[in-house]
Amino acid sequence: TLLERWLGGRDDLCVVGDDYQSIYGFTGATPRHLLEMPRRFARTQVIRLETNYRSSPEILDFANKLVPRLGGAEKNLKASLPSGDTPEVRPFTSEDAERRFVVEQIKELHERRVPYEDIAILYRVNFRSEDYEEALAGAGLPFQVRGGNFLARPAARRLLNRLRPPNATGVAGRVRAAAVKEGLLPELPEGLGEQETTRQNDLARLVHLAEEFDAAGGSVNDFVADLKARFTSEGGGRGVNLLTLHRAKGLEFEAVFLVRLEEGELPFKRAKSDEAVAEERRLLYVGITRAKRHLFVTRVVGTKASRYLAELGIGPQSTRAPLSAAGSRSAADDPAVSALKRWRLQRARDDSVPAFVVFHNSTLEAIAAAEPADLVQLSDVPGVGPAKLERYGNEILQALSGATGSG
């Protein structure tokens, strides 16, 4: 309406846009305005800008596989840059395995002189940031969260302010009570908005972290200190970028990780209509085309793969089953668990830190259940990140060896 008032009876107009990147339908945006210009203005001349100066041919070929389903004005981007790495699509047996892969690849990229600031981890919903905040902090890698990190988001700020007194123990019960007061739901209903979904997931995550923390014991102050150690970065606004796909629009990075390509995440579970699913596809297109030279696409086996992977030519891939919680061993008389707890106690004393800083009970039980024979197998255990593997790996194997009586 405003455009028509400006123009009057004239057609002296230039419109620039990309209908493939129309991803803000929740604000009323639609590619229709752009696509209908030739119908509304009879003398419209359409000029397609298909030469791409950002991404390698391999990344553009990957993005172009979505074109047949993107609709609108067909465009096939052509690269002006030389050939680069083929995009990697990787399934993982667990969330921990996926995060370890991301961390190791970031280290490798940095060794290849890719600055941390030119690396991005893109996800569909805000609450996913906390997974990678913890993984990167645990590995000592700097990062910056665009749009608010886990501890800065409303759920964590409000809940942690409720925890009193600072020296009180029984943290798990206090955190759960505070989460209930903040409106924690036992199950997430259908149709919950993204902002409330993030808040609910953040509250649930805090309860889980508190339960994990209580297994090793400590006060409210210790719990808050543990959270800050696990979820804050010393990057000071620098480091690996963590951001949602929506926030990534208009940006570009040397390396991009598109994580959790699964149904319910991308497309998001609220995307029910054909237009909503189409917009989620455009969101993936935006994510892919943020990458200049390196692109990694990951998902976790056991969840349903995103339908868009099939459109990208990625068929189902089988991997070994992930270690389940049912496979853990927690019996007090389990010699392996007991040996690991004795080792942890001594190591905590030597380092002058609380036992939970070394490992939580759940991780020790998972290690005992996995019965790792070497560092590679130990690295597959959920909760054993790269930093802790390097620091404690050989000692853990030695403790297990003594418990089983093997050489």
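In which loop is the place of Arg 113? I found Arg 113 in the loop between α6 (95-111) and β4 (119-123). Helices here are DSSP runs of H or I with at least four residues, strands are runs of E with at least two, and both are numbered from the N terminus.

Notes on the source. I am working from a predicted model, in which local features need pLDDT of at least 70, side-chain atom pairs count only at pLDDT 80 or more, and totals for chains, interfaces and linings use all residues. Residues are numbered from 1 along each chain as its sequence is written, and side-chain values use heavy atoms, with hydrogens and water left out.

Backbone entries. Most residues other than glycine have a negative phi, and most peptide bonds are trans. I looked up the departures from this.

Arg 113 has a positive phi, near 75°. I noted Arg 113 as exposed, with a relative accessible area of 77%. The cut-offs are under 20% relative accessible area for buried and over 50% for exposed, with partly exposed in between (1.4 Å probe, protein chains only).

Arg 260 also has a positive phi, near 55°. Arg 260 sits in the loop between β7 and α13. I noted Arg 260 as buried, at a relative accessible area of 5%.

Next I looked up cis peptide bonds. One joins Leu 266 and Pro 267, with omega about 5°. Pro 267 is in the loop between β7 (253-258) and α13 (274-288), and the loop between β7 and α13 is also the place of Arg 260.

Another cis peptide bond joins Arg 164 and Pro 165, with omega about -10°. I placed Pro 165 in the loop between α8 (154-162) and α9 (171-181).
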